[in-house]
Amino acid sequence: MMRKHQFAKVDCNCTRRATHLKCIHCGVMEYRSLDEARRMSQGQAECPHPDAPQVPPQERFRTMMGGTLDCLAPDYDTHFKAD
Amino acid sequence: MQPLRVLIAEDDPVGAALLKGLLVREGHVVLGPAAMGEDAVRLARDERPDAVLMDIWLAGRMNGVEATRAVTADFDIPVILVTGATEATDRDLMDQVAGSGALGFMSKPVTGDALRMNLRIVRRHTRLLARLRDSEQRYRSIFDNAVVGIYMADPEGRYLVSNRAFAEMLGWSGPGELVSGVRSMDEQVYEAPGRRQELLARLRAEGTVTGFVSQVYGRDGDLLWVSEHCTAVHDWAGELLHYEGIVVNVTARIEAEQRWRTTLGILRNTIDAMPDHVVLLDLDRNVIMANASWVRHVCGPGEAGAAAGASYLPGTADAAPGAVAVRCPDCVAEDGGPAPLDRFLREGGHQSGPVRLLPGGEACTCSVSPYRAPDGTVIGAVLVLHRDGEGGFASAGRPAARVDTADRRGA
Ligand SMILES: [Zn+2]
């Protein structure tokens, strides 16, 4: 079963298109735009952390055929606000 | 400080000489004097002075107030009106002065201080005006040269302003032709009745509407697809005054989508028309896609999702609402060995053989073919169950075509 990253903005006040994103589960960092995080390929999206959300097999199959995965955390804008 | 070129309009030679003296003492250049209103306007037009000192009463048919109106409106030259002390108490006359467009006002006898003050206002006004013209020109050029269409329209359905790109998008030779030629956007532009009213309602409610895609008529009656981004402009009372639109022609994109949808529809109908069960599986036996025959077999013809057929993509955004889980076909080989799907998962390649479909034990031929990703790696299998003789599984359930008709009748 495949799991995917969930990225949130490290700097919540950053207004640039591309910004530092961090997976709220495994902590991996990426410098990307929010749009890019919404459309990640299978290789970019896979998260090794056991708490990361599972990708349904049908969704995973689509990424193997060129589809993309939404890897933005629901609270991507505010998740790291406390830090 | 740079001297100003000042035109004097005064029919009284003594008054004119007095003003001239004051101006020359300050280092300014004096033009005139013009004794008649008509002369003042003509001199202003020909000489383009920096300012005009205009007496309210002039010889000729045109008085100072009328001449001021002409000079400010036609040539944008600042005018300072000069009047006698008794006239300054005439309220009707002062109302006219206020509405004339004059920038300043002095009553006789004119003092050096009053003149200096008024000319300072003139200088400031001129600088401001130049800056305004400059920025207007800059925006004008962006507007005129934009690749996207830009327009302003009133709520009644007429274009007020358009740029060249928008006029040309709709097939008009220029913005002027579009503005005068379109008397009703509802009738002449938007194809769907009520489409613009829908836009207006959303503008009134939301202020801004983005990605509003409509089919519109070009000037020659040709149809195109446009996407609009509109912003409402309200008056102080919150009433919609007019709205501004930025328009992109998306005809090519919409037509490509329609072609793609048609192709997809043909593919879906084709696999749904097959009497065999066709199931696409991943390497963990999850059903990725199934045709109508298999979905009917699993769910029964009456259930939701039964007619979804090939569009059955569980677990994705494309899944039909209320679709139930479709399981992988469960078969045992007639010879008691491993079923073709098990052989495929172990050895790969193309596998087939006689099987019994569980539960029920219906005899059929199962064939499993590798399914490859664009890079060539095998990521799944296409499993086909074919019932020997008797016209396949279709004879047991309802034919796919009948499902389709029944659906349309029910809609
Ligand atoms: Zn992660």
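Author: The account below begins with the interface and then turns to the sheet. This is a predicted model, in which local features need pLDDT of at least 70, side-chain atom pairs count only at pLDDT 80 or more, and totals for chains, interfaces and linings use all residues. Residues are numbered from 1 along each chain as its sequence is written, chains are lettered from A and ligands numbered from 1 in the order in which they are written, and side-chain values use heavy atoms, with hydrogens and water left out.

Chain B contributes 17 residues to the contact and chain A contributes 8 residues, contact meaning heavy atoms within 4.5 Å. The area buried between chain B and chain A is about 980 Å², with 69% given by carbon and sulfur atoms; buried area is the accessible area (1.4 Å probe) that two parts lose on being put together, summed over both. Between chain B and chain A there are 0 salt bridges (a side-chain nitrogen of Lys or Arg within 4 Å of a carboxyl oxygen of Asp or Glu).

On the side of chain B that touches chain A, at least two residues each come from β11 (277–282), β12 (287–290), β15 (362–372) and β16 (378–386) of chain B, strands being DSSP runs of E, at least two residues long, numbered from the N terminus. The largest share, 3 residues, is supplied by β11(B).

These strands belong to an open sheet of 6 strands in chain B, ordered β12-β11-β16-β15-β14-β13 with antiparallel pairing; two strands pair if DSSP finds at least two bridges between them. Its edge strands are β12 and β13 (330–333) of chain B. β11(B) and β12(B) pair over 3 bridges, and L281(B) stands opposite V287(B) in β12(B).

How values were computed:
Helix = DSSP H or I, 4+ residues; strand = E, 2+ residues; numbered from the N terminus.
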